[in-house]
Amino acid sequence: MQNPCVTFHRINAGSDRALIALSIDGRAVTGLDGDTLLSVLIMHRGALRRAEAGGDLRAGFCGMGACQDCWITLADGRRVRACSTLAEAGMAIVTNLDHGQ
Amino acid sequence: MNSFAMHGHARLPRVCIIGAGIVGTATAFFLARSGCDVTIVERGTVGGQASGVNFGGVRCHGRDPSELPLAMRSRTIWNRLAELIGHDCDFEAPGHLKIARSSAEMDTLTRWFDIGRAHDLDVELLDRTQLMRRFPWLASDIVGASLCKGDGFANPRLVAPTFARAARALGASVLEGSAVTAIDRLQGGGFRVSGANFNALEADVVVNAAGAWAASLGLPFGAAAPTVTRAPQMFVTEPTARFIGPVLGLVSGDIYLRQSVRGNVIFGGGQGHIDPGGIRSHPDETTFARTPALMRNLIPALTHTALLRSWTGLEANTPDGLPVIGTSAGHDGFIHAYGFSGHGFATGPGVGETLSELILRGQSRIDLTSFHPDRFNTIARPAAL
Amino acid sequence: MGNETETPRIAIVGGGPAGMRAAGLLAAAGLRPVLFNEAPEPGGQIYRRPPPPLRTVLSPARLYGPDAVRAMALHSDFEAVADRIDHRSGTLVWNIMKQEHGGFRLLHQDADGGQGAHNCDAVILATGAMDRILPMPGWTLPGVWSMGGAQVMLKGQASLVGRRPVFAGSGPLLYLVAWQYAKEGGRPAAVIDASTFAAKLRAAPMLAARPAVALRGLAMAAALRLRGIPVIEGAHADRIEATDTGMRVHWSSSTSSGQIDGDAVAIGHGLKSEQQLAELLGCRSRHNAESGQWLIETDPEGRTSVAGAYLAGDMAGIRGGHAAEFAGELAAWALLADLKHRDNASRRAVLRRKLSRQDRFRRGLEQAFPFPQHRIASLPDETIVCRCEGISASALRRAITDWQPADVNRLKAMSRCGMGRCQGRLCGQIAAGLLTAQLGRTPGDVGHLRAQAPIKPIPGSQLIVEKGAVE
């Protein structure tokens, strides 16, 4: 069962950060300049991936590049750690979230 | 080849095996199964050297014809592992694909094709079109390949320990942390094997399965085959979607690759460095860059897959690439089984069964002539270490 | 080492307070150190600076609380020497080797994705720490973060992982993060503190080595209670589950039990040092009973058993941000003295004294907030221990029974625990604990998972070493 509350709550919604357009699995989403890909994915999908061994949902854990739970794939094939990668305009994230368990 | 039984002894021989790699533990298993009193003495841990860290490939494909009977005997055992020793050690047989990148390499495959068929192996030659159709993820600059069904892989970390466990259950002793410091011939026949950490053992037969250290250990007992120790380098990637069925190799040997059941790609190629002392080894920096590049060239879909680890192991290679199996003239009862030149894992189970035959019955149904320890006698022996 | 008339080449790995102070001193000494920082910005975790677009969202006071002045001083001091440091941001050092004729070679992956190599005469390793985690069923669920992770989202992304998180674990971070969330508009559902009042009392004399910090901790707990946030001491989070409406944490203590509902969970029992590069160099380590970890041996000034290699900051043992600054400077002084480049014996003595006061405090922390090592043996079978490979406690227990492994590296080989992407960072101590408990071994026998290069996964496309790029 997935927690419908998995998201990030921005502290200062009134800041003047630029909007960034990216996509997740072909669907257009927006983030704010300075967001990591972890933030974008958590705020839009509440998870990052399904684990290879077991198919359970994962959403990262340590946020600082130590646990290696947040590896994701971009459309050009590149593998990046979501917590350490800043969102850039035009980035296309590809996930396995829609693949069944 | 003598045998203990041939000398008219009523009882089964006491056997001391030096080295608990796949050869030593498989031999112990088959001997213990026949009721023999077997002890393995191992300097480190069971399967702690090459047997535990190798690529894990199990194949008949491409073998020298003299090794094929051993490889095929092994294949039968690999397929029955769970029944024999209680665990299948993740053995799978998706086939082995050997890839040619030039017409000369293709000729090599074509020549072996005949040998393979003569041994009733299911081998198939594929041209570029067929390859691209069946394995579209392969790079397009290959000329052709040979596919050998029935070949595959297993999990090297599990095999020697599983054989050892099964041998123990049948009454064998396995002593770890037990380096051998002396082997002496006894007056009435047989040997005494001693070391600092164990009570001296008396045995009728000694099996020298000490891997990369067997040539020096066995020198006083006719281990004339000079071996060269190498440190092949291995790599493993993060798990990724499974799409590579067969185990892959190149005719050139530059790289060999397989995908595990969990999706990790395990591949090897190039050499690392042997550490001073000769017991450990470590990866080489240039190999670390070069071999993954070869992998990306061969399978572009793996271009971005992250590398997790690289490691090396120590393997002994003989001048002709064939193992040393048997006793040297004048050294009855001291059986050598080493120098597998990178084929030890695949053929280990068959070697174990063969050695147990040799010890119990004086002969084996496998022709071991090509592996005779004395075949290198014309070559200058290395000085004892 | 190189020709004495040549400037010795010094590398520093880690851009947190220890690395920053070491770099500053070496720059002032005219040595132009090369500083490798995996993160894009200096500051490490404690003094993490958000990405530039977020700089105006949270003031230093909101980011660093009582440490704000210190943080700003550290950053501005570092900026002042920036032109005298070769600063490699976004660069991961993933391997380090001793060179045959002295010195070290570092292999690194750069921000632009390329690979490089760097030779140096001496190296200061200051790669900091990460959360120390006791797993429980449900800890891998989306919505569960490490304590540090919950704080990183706040500091680094100006975001809360939940409006009503449940904070469970122990250590100063527990109360600090809960308090920060409360101040920034969250309303923590509860703080579940594994440590007991009695343990804190026993540790009071050592905690008094840093009275301001100790009092701050007490003040935060009191302030949380004043806001009506339940603070449950001597209790553990036993299990986490996802519900229709959020996360539920089942907890128990020796006298009571219950469940708390929230919208996120943050767990952690303090920090553990990240020592892989020092292990790759072959620096000697020893099991530290207090923390339950294997720690690289260092002398009071940061020298390891490998000549020319120094450790500083939390990497050498968890002492916090203040101590890291002292330790970084001290290691740099030790290095300069060892190179016979220059020395300031009195400053080194001052720093050693400051650090030994920090050490008393650290031991107090370990006593007040011990890692609940005893709970490893009673982990429920279904607990995922190795989250990378999805290996449960029961699978590990079975492997231990089947193979009777002599040490944790053997257990890894037979069970796959520790073979995943994190290379055992999260599961290593737990696997070792299961082994000692089940087979009655000692931590000394069981050892710790051996570091292997690369210390973090390297995407395949970035593995091109240009030999000509060697410096």
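**Entry 1: the domains of chain C**

I began with a distance: the centres of domain 1 of chain C and domain 2 of chain C, taken over C-alpha atoms, are 29 Å apart. I note here that I am reading a predicted model. Next I looked up where the domains run. The assignment for chain C lists domain 1 as 10-130 + 272-366, domain 2 as 133-269 and domain 3 as 376-446.

How many residues of domain 1 of chain C are in contact with domain 2 of chain C? I found 15 residues of domain 1, facing 13 residues of domain 2. Helix α10 of chain C, residues 345-368, gives the most to the domain 1 side, with six residues. Sorted by class, that side has nine nonpolar, two polar and four charged residues.

**Entry 2: two helices in chain C**

I then followed helix α1 (residues 17-28) and helix α9 (residues 320-338) of chain C. Their axes come within 7 Å and cross at roughly 35°. I wrote the crossing of α1(C) and α9(C) down as right-handed.

Which residues make this contact? From α1(C) I listed several, among them C:P17, C:A18, C:M20, C:L25 and C:L26. From α9(C) my list includes C:G321, C:A324, C:A327, C:A331 and C:W333. The residues of the contact come to 11 nonpolar, three polar and three charged.

**Entry 3: chain C against chain A**

Now I moved on to the contact between chains. On this one, 45 residues of chain C meet 39 residues of chain A. Four elements of chain C each supply at least two residues to its side: β8 (129-131), β9 (144-146), α4 (147-157) and β10 (159-160). Which element gives the largest share? It is α4(C), with five residues. I counted the classes on the chain C side as well: 21 nonpolar, 14 polar and 10 charged residues.

I also found strands pairing across the two chains. Strand β1 of chain A (residues 9-10) is joined to β10(C) by two bridges, and the strands run antiparallel. Within this pair, A:R10 stands opposite C:S159. A reminder to myself from class: strands of a sheet pair through backbone hydrogen bonds, either parallel or antiparallel.

**Entry 4: chain B against chain A**

I looked up the contact of chain B with chain A too. Six residues come from chain B and five residues from chain A. The chain B side has two nonpolar, three polar and one charged residues.

**Entry 5: the domains of chain B**

Chain B is divided into domain 1 (5-56 + 156-225 + 319-376) and domain 2 (92-151 + 229-317). I noted 30 Å between their C-alpha centres. Their contact takes 15 residues from domain 1 of chain B and 11 residues from domain 2 of chain B. On the domain 1 side, α2 (50-53) and α8 (214-217) of chain B each supply at least two residues. What classes do the residues of that side fall into? I got seven nonpolar, eight polar and no charged.

**Entry 6: a sheet in chain B**

My last stop was an open sheet of three strands in chain B, with the order β9-β10-β11 and antiparallel pairing. Why is one side of β9 and of β11 left without a neighbour in the sheet? Both β9 (182-185) and β11 (198-203) of chain B stand at the edges with a single partner strand each, so one side of each has no neighbour there. On average, neighbouring strands of this sheet are turned by 15° against each other, direction ignored.

Notes: Residues numbered from 1 in each chain as written. Chains lettered and ligands numbered in written order. Predicted model: local features only at pLDDT ≥ 70, side-chain atom pairs only at ≥ 80, totals over all residues. Contact = placed C-beta atoms within 7 Å. Nonpolar A, V, L, I, M, F, W, Y, C, P; charged D, E, K, R; others polar. Pairing = 2+ DSSP bridges. Domains from an automatic or database assignment. Axes fitted to C-alpha atoms, helices over the stretch in contact; angles between N-to-C directions. Left-handed = near helix turned anticlockwise from the far one by under 90°.
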